[in-house]
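Got the viewer open and a selection tool ready? Here is a short walk through the model, one stop at a time.

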Amino acid sequence: MTDADHDPLLQRAIDELRQVPPLDRDAVRRVVSAAAAARLSAADEPMFVERAARGRSIRIWSAIGMAAAAAVVGFVARGQWRTGGERPAVATALAPTSATPATTLQTAAVSDADAKPVLQQFVFDNARAKRVSVVGDFNTWNPSSAVMTRSSDGGLWSAIIPITPGRHIYGFMVDDSLFTLDPRAPKVRDADLGTDGSVVIVGRP
Amino acid sequence: MTRPSQARLGLKTAGRGNHLTTSPFSLQRPAFAAALDPKTISRAKLGDIDAFTAIVEAYHSRCLRFARAMLRNPDDAEDMVQEAFVRLYRALPRYEERQRFESWLFQILGNCCRTANTAARRHDVQTVEDDDVLARVPSPDMPDTQFDHEWGDDVRRALADVPDYNREIFLLHYIEGFAYDEIERMTGIKQSALKMRVKRASDMLRTRLAERYG
C-alpha cells in the first residue's frame, strides 16, 4: 500500500498531474527539424552522399535537415533563439558538431591551420565481432562514418580517421548494436546522456 | 455539509464528521503506454527521420507534462523537451536495445531539467537581492488575490514547493509510472532512498493542499 491508497486528496492531486497535454504537431515538427539540423554537419555529409541512393527516408532526412539548418540560421539572425543550455545553434548546424557549445565556440575561435583535422588511429581488440566502427562526437556518433578494418589475424580492428584538434568523446560500436569503451583510454561520464565515453585528446604533432 | 473547495474536487463528506469518501482508486501508478515498435527505434538509430518523428509523436506530450512539473520556469518546458529530443537523436547510435527506451528518454530529459533548474536558481540568487522586492513577490504561502485558486493551479503550485530532488522521483514514480527498480537504474539512487523521497514529496504535497482543501 502507498500513501495515495490512504489519501483521496493526494490521489486526486496525482490524477490532476497525470493529465497529458494534447499533442502539438507543430511542436513535433519543430523538434524533428531541430534534431535533423543538429545532425546535419560536415561529418554527416559523406553518409548522406553514400546513402542517397538507398532510399526515400534518407532523402527526406537530408531535405528536412537542409531546410531546418536554414531555419536555424534564420532564427539566429533574427535573434529569436533563446539563451540557455545546449541548442542546435548555427555553429552546430554548419560546423562539425561537438559535445558542448563551449567547445564549439573554442573550435570556431581557433585559426584555420589549428582547426585542420589530424589523422588519429584507433585500435580495438575483439576477435568475435563481425563489424566494428569508431563513433564519437567528431562523427556525430554515426556508426557508418568510420568502419574499422580487421587485421589479418582477425582479432584486431583499426581505423585512421581525420579529427579536428581538441578533446573528444568516443567509443566503439560493435556489430552496430553494442557500444563499447576503449579499454586503453581514460573514460568520462557523459552528464547529458548518463553513459560513459572514452576520451581522446587530439593535438597538432 | 460539503465545503465549496471539496465540492469542486468531487469530494463528499459523510455524516457529520469531516470524513472524505471517494470512489476507490485501484491504480497507483499509470499503466505504461503501448511500447513503441522496436523496429521503429532500430530504424531511428540508423537515421530514419520518419521513425524518429514517430518516436517524438509518441512521447512528446508526456515529456512536456514531466518538464512542466519539473522546471522552475514551466514556460521553458517546450524548449527543454526539444533539447532532450535533440540530444536523444544525436545519441541514438549509442542506444543499446537491452535498455528500456522510455527510461533512457526520461533520463536525458531529467538531466536537461536539472541543469535548467540549477541555472535558474543561480539566476534567482544573482538578481533578487532587494528585500523590498522580495516582500512584494507573491508566494504560495501568503494570500494573494492575483493567484488563481483553481484546483489544478493549486496542485501545481503545491508541487512546485517540493524540492527538485524529491519532486523528480515523485513524478517519475506516480505520474510517469516507473517502478522503483527502474528509477534506481536511471538515477543510481538506492530504492530505500527513492521511497523516502517520494514519501517526503507526498507528505509536503498533502500538507500544502490540506491547508486549503483538507
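Two strands count as paired if DSSP finds at least two bridges between them. Keep that in mind for the opening stop, and remember that this is a predicted model.

**Stop: the sheet in chain A.** Select residues 118-125 of chain A, strand E1, together with residues 156-163, strand E4. These two run antiparallel and are joined by eight bridges. Zoom in on A:Val123 and you'll find A:Ser158 of E4(A) standing opposite.

Which residue of E4(A) does A:Thr149 stand opposite? A:Ser158 again. Step along to A:Arg150, and the bridge partner in E4(A) is A:Trp157.

While you're here, look at the hairpin made by E3(A) and E4(A): five residues sit between the strands. Click A:Gly154 in that hairpin, where phi is positive, near 90°.

Zoom out and show the whole arrangement: an open, antiparallel sheet of three strands, in the order E1-E4-E3 of chain A. E1 and E3 of chain A each have a single partner strand, so one side of each is left without a neighbour in the sheet.

**Stop: a covered helix.** Select residues 8-17 of chain A, helix H2. Is this helix mostly covered or mostly uncovered? Mostly covered, with seven of its 10 residues buried. Show side chains for the buried set in H2(A): A:Leu9, A:Leu10, A:Gln11, A:Arg12, A:Ala13, A:Ile14 and A:Leu17. Note that A:Gln11 and A:Arg12 are on that list.

**Stop: chain B.** Trace the chain along its sequence and the pattern reads α-β-β-α-α-α-α-α-α-α-α-α. Of its 214 residues, 38% count as buried. Among the contacts in chain B between residues at least 6 apart in sequence, 60% link residues at least 24 apart.

**Last stop: the core.** In soluble globular proteins, nonpolar side chains tend to be buried together. Here, the largest nonpolar core has 81 residues. Select A:Ala35, B:Ala67 and B:Leu109, the residues with the most contacts inside this core. Then highlight residues 49-70 of chain B, helix H3, which gives the most to the core, with 13 residues.

Leaving aside neighbours within four places in sequence, which residues is B:Leu109 in contact with? They are B:Cys63, B:Phe66, B:Ala67, B:Val81 and B:Ala84.

How values were computed
Residues are numbered from 1 along each chain as its sequence is written. Chains are lettered from A and ligands numbered from 1 in the order in which they are written. This is a predicted model: local features need pLDDT of at least 70, side-chain atom pairs count only at pLDDT 80 or more; totals for chains, interfaces and linings use all residues. A nonpolar core is a set of buried Ala, Val, Leu, Ile, Met, Phe, Trp, Tyr and Cys residues joined through C-beta atoms within 7 Å. A residue is buried if 20 or more other C-beta atoms lie within 10 Å of its own, exposed if 12 or fewer, and partly exposed in between; C-beta atoms are placed from the backbone. Helices (H or I, at least four residues) and strands (E, at least two) are DSSP runs, numbered from the N terminus. Two residues are in contact if their C-beta atoms, placed from the backbone, lie within 7 Å.
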